[in-house]
Amino acid sequence: MTPQRVTLITLGVADLKRSKAFYSALGWTPTNDEGEVVFYQINGMVLGLFGLGPLAKDQGRPDAKLGTGAVTLAQNFTTDAEVDAAYALALKAGATSLKAPEKVFWGGYSGYYADPDGHVWEVAQNPFWTLNADGSLTLDAE
């Protein structure tokens with residue numbers, strides 16, 4: 001088994017009900033809902049939403065003030081129009097606009113929004129990458 005992998009990303013959220021509603025509005029369907037944590041199966045890995053307090057307790061640091069914004073999650077698309085549609089859907093669902101999609105210096109097209117808890121998402125089209133049919137990304141080794 002390769003050590004170069006991620007199997008689960010967990011986002012700490014202030015209001016689990018609100019976050020579940022946001023991701024539902026994006027078209028996401030929970031795979032498991034454990035009450036204080038919910039899991040979504042995504043292309044070979046899982047995204048979890050976990051209440052901030054219970055997450056800090058689970059980490060063994062119940063008094064920690066967990067923050068957001070230092071990590072960017074990204075979804076890549078095959079066209080600029082798909083990027084625009086994903087960005088618009090996120091804003092309609094309650095996301096905060098950080099940067100509207102635009103042509104960028106590296107030759108692609110991208111924009112950023114924050115979910116209701118401030119977790120940053122990039123939506124992008126990279127002309128140098130080919131997406132698999134299921135939307136997953138596999139980079140060619142150079």
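This is a predicted model: local features need pLDDT of at least 70, side-chain atom pairs count only at pLDDT 80 or more; totals for chains, interfaces and linings use all residues.
Helix H3 covers residues 80-93. Its 14 residues should span 20 Å at 1.5 Å a residue. The C-alpha atoms at its ends are 20 Å apart, so the span agrees with expectation.

Four positions of H3 are named as buried: Val83, Ala86, Tyr87 and Ala90. Viewed down the helix axis, these buried residues fall within an arc of 100 degrees, and therefore line one face of H3. Ala81 and Lys92, on the other side of H3, are exposed. The cover over the buried residues of H3 includes one helix, H1 (16-25). It also includes strands S5 (72-77), S6 (96-103), S7 (109-114) and S8 (120-125).

The largest nonpolar core holds 22 residues. Those with the most contacts inside this core are Tyr23, Leu26, Trp28, Leu49, Tyr113, Trp121 and Val123. Two or more core residues come from each of S1 (8-13), H1, S3 (37-42), S4 (45-51), S5, H3, S7 and S8. H3 gives the largest share, 4 residues. In soluble globular proteins, nonpolar side chains tend to be buried together.

Leaving aside residues up to four places away in sequence, Val123 touches Val83, Ala86 and Tyr87, among others. Its other partners include Gln75, Phe77, Tyr109, Ser110, Gly111 and Tyr113. Val83, Ala86 and Tyr87 are also among the buried residues of H3.

Notes: Residues are numbered from 1 along each chain as its sequence is written. Side-chain values use heavy atoms; hydrogens and water are left out. The expected span of a helix is 1.5 Å times one less than its number of residues. Buried means under 20% relative accessible area, exposed over 50%, partly exposed in between (1.4 Å probe, protein chains only). The arc is that of the directions from the helix axis to the C-beta atoms. Contact means heavy atoms within 4.5 Å. A nonpolar core is a set of buried Ala, Val, Leu, Ile, Met, Phe, Trp, Tyr and Cys residues joined through side-chain atoms within 4.5 Å.
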